[in-house]
Amino acid sequence: MTELANPDVAADQGGTWTRVGAVVLRHIYLMRTSWPRVFELMYWPTIQMILWGFITQFFLQHSSYVAQAAGVLIAAVLLWDVLFRGQLGFSLSFLEEVWSRNLGNLAVSPLTPREFLLSLTVMSLLRTLIGVLPAALLAIVFYEFSIFSLGPPLVAFFALLLVFGWAIGMMVSALVLRVGQGAESVAWLAIFLIAPVSAIYYPVSVLPPWLQPVSWALPTAPVFEGMRAVLIDGTLRYDLLAHALAVDLAYLGLGASLFLYSFHVARKRGLLLQVGE
Amino acid sequence: MRPLRPLVKSHVPRHLAGVSDPIIRVRNLGKQFDGFTAVHDVTFDVAAGGTTALLGANGAGKTTTLAMLLGVLLPSSGSVTILGHDMRRARHKAMPAVNFSSPYVDLPRRLTVAQTLRFFAKLFGVRDARTRAREIAAELELTAQMHQRVGQLSAGQKTRVSLAKALINAPRVLVLDEPTASLDPDTGDWMRSYLAAYQRASGCAILLASHNMAEVERLCDHVLMMRRGGIVDRGAPSTLIARYGRANLEEVFLDIARERRAGAEVAAQ
């Protein structure tokens with residue numbers, strides 16, 4: 001046992017980022033051994049982009065609204081996928097641990113619940129980039145529309161939607177921790193519940209007046225309104241960005257609190273060793 | 001029988017030298033689930049270099065006790081202190097020096113053995129995770145399986161990977177739940193020899209739950225007998241065997257599980 005002669009083996013050499021990096025590495029290993037997982041990440045954003053690209057081409061000839069800015073629908077679909085992939089990236093990374101019954105191993109390690117949360121957000125970012133970047137690049141090739149033409153505001157829109165995706169992912173994961181794997185289908189459904197009021201493809205004003213406050217209570221509506229302001233009017237609406245950021249932070253706080261509370265309750269009830277297939 | 005690889009270095013690691021206080025200190029530990037008492041009033045210590053067994057019939061509270069000790073289950077009452085850290089408040093300070101193996105917790109099946117060991121080495125903050133993974137795999141005769149997925153291994157190989165994971169950080173506290181449950185007699189014997197050698201070399205504290213009484217007699221210097229969530233007897237294996245007037249620990253186990261009194265107690269009456 002030569003290693004036992006070296007106390008460094010047992011010493012705590014790692015800080016937060018070492019442990020977060022370990023969990024991220026485990027998921028990268030998983031993706032490397034399963035190409036269908038990576039293919040699936042890219043498949044839907046690309047198909048969606050192609051579909052909406054053709055719809056855009058049709059509308060360009062028949063709609064004065066779309067004719068104002070050719071890329072408005074493609075930009076909307078790509079940004080919507082940032083939110084969808086962000087949420088799914090968080091939820092699926094969590095569910096991978098549940099499916100492989102690895103939560104017990106993580107719980108009996110130096111990894112704290114906050115670090116676990118952080119590692120899932122890093123994985124969500126990676127999965128989102130893997131999923132959305134190829135579709136964004138193909139949009140340039142197929143339709144001569146570059147979402148990167150949004151310029152610096154794109155970074156803000158991307159970050160705001162990704163963070164909201166994390167918040168929903170945290171709530172979904174908290175639900176799975178509380179009620180078990182029966183709730184995992186929520187990971188696929190949750191995002192579509194807010195799609196009609198997110199003003200993705202149409203302005204908030206299209207919604208009935210009683211539904212508009214619901215729309216403004218989500219960070220998605222100001223982000224997509226802001227996107228249209230850039231593409232159609234050529235203006236960056238800081239008021240919409242500030243609105244989205246404030247609502248985003250509230251949802252992030254709520255999601256993180258729910259996740260950490262559910263983790264605590266799971267530890268209290270002994271569920272961490274039981275949640276799994 | 002297969003010979004053990006040369007395991008034992010004569011000296012104890014510096015971080016364990018001179019430790020005399022209990023590494024594990026459990027006081028009045030209890031757990032209730034919705035009115036059902038799974039564990040009550042469990043108190044014991046394990047010193048550095050000590051190997052303690054938790055014995056009891058199914059449902060006696062062994063796994064619940066181990067789960068509370070590892071911090072994966074919060075106690076309803078009492079306290080667990082490991083390496084001086086209260087596991088309720090500061091478990092993350094103790095965890096880099098703790099590890100476990102249990103048949104109830106799988107390892108990620110889609111990862112290879114090498115990936116699994118590197119992942120856990122990094123998670124526990126081991127310097128040079130790649131080298132450490134290779135070393136521990138060699139010691140547990142897993143080198144040939146390093147690039148196989150864990151899900152493709154035999155039950156015995158999985159058990160050895162689980163033990164390799166449990167030793168990846170050279171823990172000062174090692175918790176083993178049924179460490180040889182799925183092994184054939186030859187591999188089981190090899191594993192027990194390995195654990196005994198490892199324990200002598202490292203001076204770590206081992207807490208073990210097992211239904212294999214011969215294993216407990218061979219590995220453990222102290223036994224805690226559990227029934228209905230509480231400790232009903234304790235002592236060295238030889239002391240318990242003498243106290244109950246039995247030939248081996250298995251007979252003592254049956255006496256306790258069937259609620260027969262100790263032979264010495266009967267004689268005294």
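The crossing of H4(A) and H10(A) is right-handed, a crossing being left-handed if the near helix is turned anticlockwise from the far one by less than a right angle, and right-handed if clockwise. Helices here are DSSP runs (H or I) of at least four residues, and strands (E) are runs of at least two, both numbered from the N terminus. This is a predicted model, in which local features need pLDDT of at least 70 and side-chain atom pairs count only at pLDDT 80 or more, while totals for chains, interfaces and linings use all residues. Residues are numbered from 1 along each chain as its sequence is written, and chains are lettered from A and ligands numbered from 1 in the order in which they are written.

### Chain A

Helix H4 (residues 72-99) and helix H10 (residues 220-233) of chain A pack at an angle of about 150 degrees, with their axes 11 Å apart. That angle makes H4(A) roughly antiparallel to H10(A), given that angles under 35 degrees count as roughly parallel, over 145 as roughly antiparallel, 65 to 115 as roughly perpendicular and the rest as oblique. The axes are lines fitted to C-alpha atoms, for helices over the stretch in contact, and the angles run from 0 to 180 degrees between N-to-C directions.

On the H4(A) side, A:Val72, A:Ala75, A:Ala76, A:Leu79 and A:Leu83 meet A:Thr220, A:Phe224, A:Met227, A:Arg228, A:Leu231 and A:Ile232 of H10(A), where contact requires C-beta atoms, placed from the backbone, to lie within 7 Å. By class, this contact of H4(A) with H10(A) has 9 nonpolar, 1 polar and 1 charged residues; Ala, Val, Leu, Ile, Met, Phe, Trp, Tyr, Cys and Pro count as nonpolar, Asp, Glu, Lys and Arg as charged, and the others, Gly among them, as polar.

### Chain B

Chain B has 10 helices and 10 strands, and buried residues make up 49% of its 269 residues. A residue is buried if 20 or more other C-beta atoms, placed from the backbone, lie within 10 Å of its own, exposed if 12 or fewer, and partly exposed in between.

In helix H4 (residues 129-139) of chain B, the residues B:Ala129, B:Arg132, B:Ala133, B:Ile136, B:Ala137 and B:Glu139 are buried. They cover an arc of only 160 degrees around the axis, which puts them on the same side of H4(B), the arc being that of the directions from the helix axis to the C-beta atoms. What covers these buried residues includes helix H3 (113-123) and helix H5 (155-167) of chain B. Just after H4(B), B:Glu141 takes a positive phi of about 55 degrees.

| Helix pair | Angle | Axes apart |
|---|---|---|
| H3(B) and H4(B) | about 125 degrees | 9 Å |
| H3(B) and H5(B) | about 25 degrees | 9 Å |

With an angle of about 125 degrees, H3(B) is oblique to H4(B), and H3(B) passes H4(B) in a right-handed crossing. Among the residues that meet there are B:Val113, B:Leu117 and B:Ala121 in H3(B) and B:Ala129, B:Ala133 and B:Ile136 in H4(B). By class, the contact of H3(B) with H4(B) has 8 nonpolar, no polar and 4 charged residues.

H3(B) and H5(B), in turn, are roughly parallel to each other, and H3(B) passes H5(B) in a right-handed crossing. Here B:Val113, B:Thr116, B:Leu117 and B:Phe120 in H3(B) meet B:Val161, B:Ala164 and B:Lys165 in H5(B), and the residues of this contact divide into 5 nonpolar, 1 polar and 1 charged.

Key:
Contact = placed C-beta atoms within 7 Å.
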